Amino acid sequence: MDQSLLNSLRVVALPTKTNFRGIKLREVALFKGEYGWAEFSPFLEYKDAECAPWLACAIEAATQPRPKLFRSTINVNGTIPAINDEKEISQIVDLFPGVKSFKIKVGDDTDLDLARINRVRSLRPDSAIRVDVNGAWTVEQAVSFLKLAGELEYIEQPCASIEELRELKKRIDTKIAGDEVLRKATDPFALDLSGAVDILMLKVQPLGGIKRTHDLIDHHQLPVVVSSALESAIGIDYGLVLAGSIENLGYGCGLATGSLLAKDVADIPIIKGQMKISSPTPNFDGLDVSMERFEWWKNRIMRTAELL
Ligand SMILES: [Mg+2]
């Protein structure tokens, strides 16, 4: 990668408002190129090979012109982590004004999962509910959960493998969205998703950027939802650009996760359930990491760049 991109590198640590997949401090690397700021933020435990598409995406964001847009405001969904305290759930729900759907993390404990779903339903009776299982269940577990859960917009990655998803799909009416099955695949173009997945979950960084994501949409020919990975406003804005560049976008997108951060490098407000593409300029005040963490990220980027 170009040295000038590395020269602009900043690494920030963003505190979260609530425990989200075990994270209380989200570290992200940002660098700037001809076409603006870009984010590289694979989670800390990811090995270099898994980080490669994330870096390809960041380099694309910094160095390539933005695609043609079909819209500049995007419908977003609320995201509810696997929290159980009633008061905390209502505080999190309030972070998402006007959204027409909520994605709720489930999978650990059916009673607590159902209580969480019902709590959100009672707070926002007009919003659709979708759940994300992150591949935690067997086919049997997914079938029994769906008998209890009431109406869902879709269920995201209920089981880990394509074979299980295909078996499950024969037994349920609820739509299935595929996330990890695509994002963690060695070659997402080689997958046969027929009869297994109704909706594709698209995250621009792990899928290697906007151009490659469009190639995947063209290849798989399924309805899509654009989602995110607890990114800063810079990564979120790039996800909004992806969402804006997709002609047929029927579902609200999971791009409002910035609301779960206590501090961010920029603010992209949710207005009546929508967020706007804005190419924000980051404000780094008080967010830079220690020199040691900066060097860790810089080395990670240089190692990953060797794999591109
Ligand atoms: Mg997911």
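Helices (H or I, at least four residues) and strands (E, at least two) are DSSP runs, numbered from the N terminus. The structure is a predicted model, so a bit of care is built in: local features need pLDDT of at least 70, side-chain atom pairs count only at pLDDT 80 or more, and totals for chains, interfaces and linings use all residues. Residue numbers start from 1 along each chain, following the sequence as written.

Start with the overall layout. The protein splits into domain 1 (3-66 + 286-305) and domain 2 (73-276), with bounds that come from an automatic or database domain assignment. Taken over C-alpha atoms, the centres of domain 1 and domain 2 are 23 Å apart. The contact involves 24 residues from domain 1 and 26 residues from domain 2, where two residues are in contact if their C-beta atoms, placed from the backbone, lie within 7 Å. On the domain 1 side, strand 1 (10-20), strand 2 (23-33), strand 3 (36-40) and helix 2 each give two or more residues. Strand 1 supplies the largest share of that side, with 8 residues. Sorted by class, the side of domain 1 that touches domain 2 has 15 nonpolar, 4 polar and 5 charged residues. For this sorting, Ala, Val, Leu, Ile, Met, Phe, Trp, Tyr, Cys and Pro count as nonpolar, Asp, Glu, Lys and Arg as charged, and the others, Gly among them, as polar.

Next comes the inside of the protein. A nonpolar core is a set of buried Ala, Val, Leu, Ile, Met, Phe, Trp, Tyr and Cys residues joined through C-beta atoms within 7 Å. Buried here means that 20 or more other C-beta atoms lie within 10 Å of a residue's own; exposed means 12 or fewer, and partly exposed is in between, with C-beta atoms placed from the backbone. The largest nonpolar core has 86 residues, and those with the most contacts inside it are L55, A58, V197, L202, V225, L242 and L255. Helix 2 (residues 48-63) gives this core its largest share, 10 residues. Both domain 1 and domain 2 put at least three residues into this core. As for L202, its contacts include V225 and L242, along with L207, T213, V224, V226 and S227, leaving out residues up to four places away in sequence.

Helix 2 also has a helix for a partner. Two packed helices are described by the angle between their axes and the distance between the axes. Helix 2 and helix 10 (residues 291-305) pack at about 90°, and their axes are 9 Å apart. Helix 2 is therefore roughly perpendicular to helix 10, since angles of 65 to 115 degrees count as roughly perpendicular, under 35 as roughly parallel, over 145 as roughly antiparallel and the rest as oblique. The axes are lines fitted to C-alpha atoms, for helices over the stretch in contact, and the angles run from 0 to 180 degrees between N-to-C directions. Helix 2 makes the contact through D48, C51, A52 and L55, while helix 10 uses R300, I301, R303, T304 and A305. By class, the residues of this contact are 5 nonpolar, 1 polar and 3 charged.

S101 sits in strand 6 (residues 101-105) and counts as buried because it has 22 C-beta neighbours inside 10 Å. S101 and A128 are 27 residues apart along the chain, yet their C-alpha atoms are separated by 4.4 Å. Besides A128, S101 touches N77, S127, R130, E153 and G252, again not counting residues up to four places away in sequence. G98, in the loop between helix 3 (86-94) and strand 6, is partly exposed, because 14 other C-beta atoms lie within 10 Å.

D179 is in the loop between strand 9 (176-178) and helix 7 (180-183), and is buried, with 23 other C-beta atoms within 10 Å. Beyond residues up to four places away in sequence, D179 touches E156, Q157 and M201. Q157 belongs to the loop between strand 8 (155-156) and helix 6 (162-171) and is buried as well, with 25 C-beta neighbours inside 10 Å.

Finally, the backbone. Most residues other than glycine have a negative phi. Q157, however, has a positive phi near 40°, and N134, also not a glycine, has a positive phi of about 50°. N134 lies in the loop between strand 7 (128-132) and helix 5 (139-148).
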